Amino acid sequence: MEPIRDTQATLVDLLDRILDKGLVINADIIISVAGIPLIGVNLRAALAGMETMLKYGVMQSWDERTRAWEREHRKKKEISLLEGEEIVLKMYGSHYYSKGIYTAWRPGYFYLTNKRLILHRQDFNEITFQIPLEEIKALAMKDEEHFVKEKKKQVLYLIDKQDEVYRLSAVETNQLKDAIEQNLNAMGLYLEENPILPEFEDEMETCPQCGSRASVKELLEKGCSECGWVSPKLKKRLAEVAATTE
């Protein structure tokens, strides 16, 4: 094989050639100091894309073991369903957890079945929230301040028959609410209309600059009292005010 030189070749061309055709490194390296050999390196390496590696029979056993482990691991992550239970909707979302001084939006996947609403954390194979559909008394949507994004965040307030209130949020919160209502109607159950929502204490967050805790409302509207950090939204508002006073 005659080596060729392409002066028009780019880094992308080089990477494409390595991944597609592969690269074999065969080198013997000796590091000497004052003419005295101190370190010897015998290097044998092959570099290529996985598809090319498997094509030539390299790392096949590793690939088979990895794929088998992943299949088994995925099975363990699957949520356990009750007898006769079927999944109607799966959607990424979160549940606001508050217990003692620990408060946080706990993420996971909502599974709406014909019997329950469940929030499952796949990484830990843990159910962090669940409620039987017949225990749901009312649903209500509310826009709340979002700490990171400038736009409002839609929160679904779920009230059970013991008047406990749960706050849920999802990628498509309206779609989740509609699906719950449709399931309940199919079961012959109907929700209470215009429920009265309780007033919650200000949600707490940590300042992204110094880590001190403060209410979301204070951080968004006034900034951090400890280090002086202000949100991009507040910076923009202050700049607009400064521009009008000049």
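# Reading the charges, patches and core

Guide: Asp20 lies in helix 1, helices here being DSSP runs of H or I with at least four residues and strands runs of E with at least two, numbered from the N terminus. The model is predicted, so local features need pLDDT of at least 70 and side-chain atom pairs count only at pLDDT 80 or more, while totals for chains, interfaces and linings use all residues. Residues are numbered from 1 along each chain as its sequence is written, and side-chain values use heavy atoms, with hydrogens and water left out.

Visitor: What makes Asp13, Asp16, Asp20 and Glu51 a patch of negative charge?

Guide: These four residues gather on the surface, and Asp and Glu count as negative, whereas Lys and Arg count as positive and His and the chain ends are not counted. A patch takes residues with over 30% relative accessible area and no salt bridge, joining like charges within 9 Å and nonpolar side chains (Val, Leu, Ile, Met, Phe, Trp, Tyr) within 5 Å.

Visitor: Which residues touch the most other members of the largest nonpolar core?

Guide: They are Leu117, Ile136, Leu176 and Ile180, out of 19 residues, where a core is a set of buried Ala, Val, Leu, Ile, Met, Phe, Trp, Tyr and Cys residues joined through side-chain atoms within 4.5 Å. Helix 4 (173-186) is among the elements that give two or more residues to this core, as are strand 3 (87-99) and strand 7 (136-144). Helix 4 gives the most, with four residues.

Visitor: Why do Asp63 and Arg67 count as a salt bridge?

Guide: Their closest N and O atoms are 2.9 Å apart, and the limit is 4 Å between a side-chain nitrogen of Lys or Arg and a carboxyl oxygen of Asp or Glu, so the pair qualifies. Being four residues apart in helix 3 (residues 60-77), the two are separated by about one helical turn. Asp63, at 12%, is buried, whereas Arg67, at 48%, is partly exposed.

Visitor: What makes Lys137 and Glu192 a link between parts of the chain?

Guide: Their side chains meet in a salt bridge at 3.7 Å, N to O. Lys137 lies in strand 7 and Glu192 in the loop between helix 4 and strand 10 (204-206), so the pair ties together parts that are 55 residues apart in sequence. Lys137, at 25%, is partly exposed, and Glu192 is partly exposed at 37%.

Visitor: Are Arg167 and Glu144, which meet in another salt bridge, buried or exposed?

Guide: Arg167 is buried, and so is Glu144; their N to O distance is 2.8 Å. Arg167 sits in strand 9 and Glu144 in strand 7, 23 residues apart. Elsewhere, salt bridges that share partners join Lys137, Asp163 and Glu192 into one network, and the structure holds eight salt bridges.

Definitions and conventions
Areas by Shrake-Rupley, 256 points an atom, 1.4 Å probe, with all protein chains shown as cover. Charge placed at Lys NZ, Arg CZ, Asp CG, Glu CD. Buried < 20%, exposed > 50% of the residue type's maximum accessible area, 1.4 Å probe, protein only.
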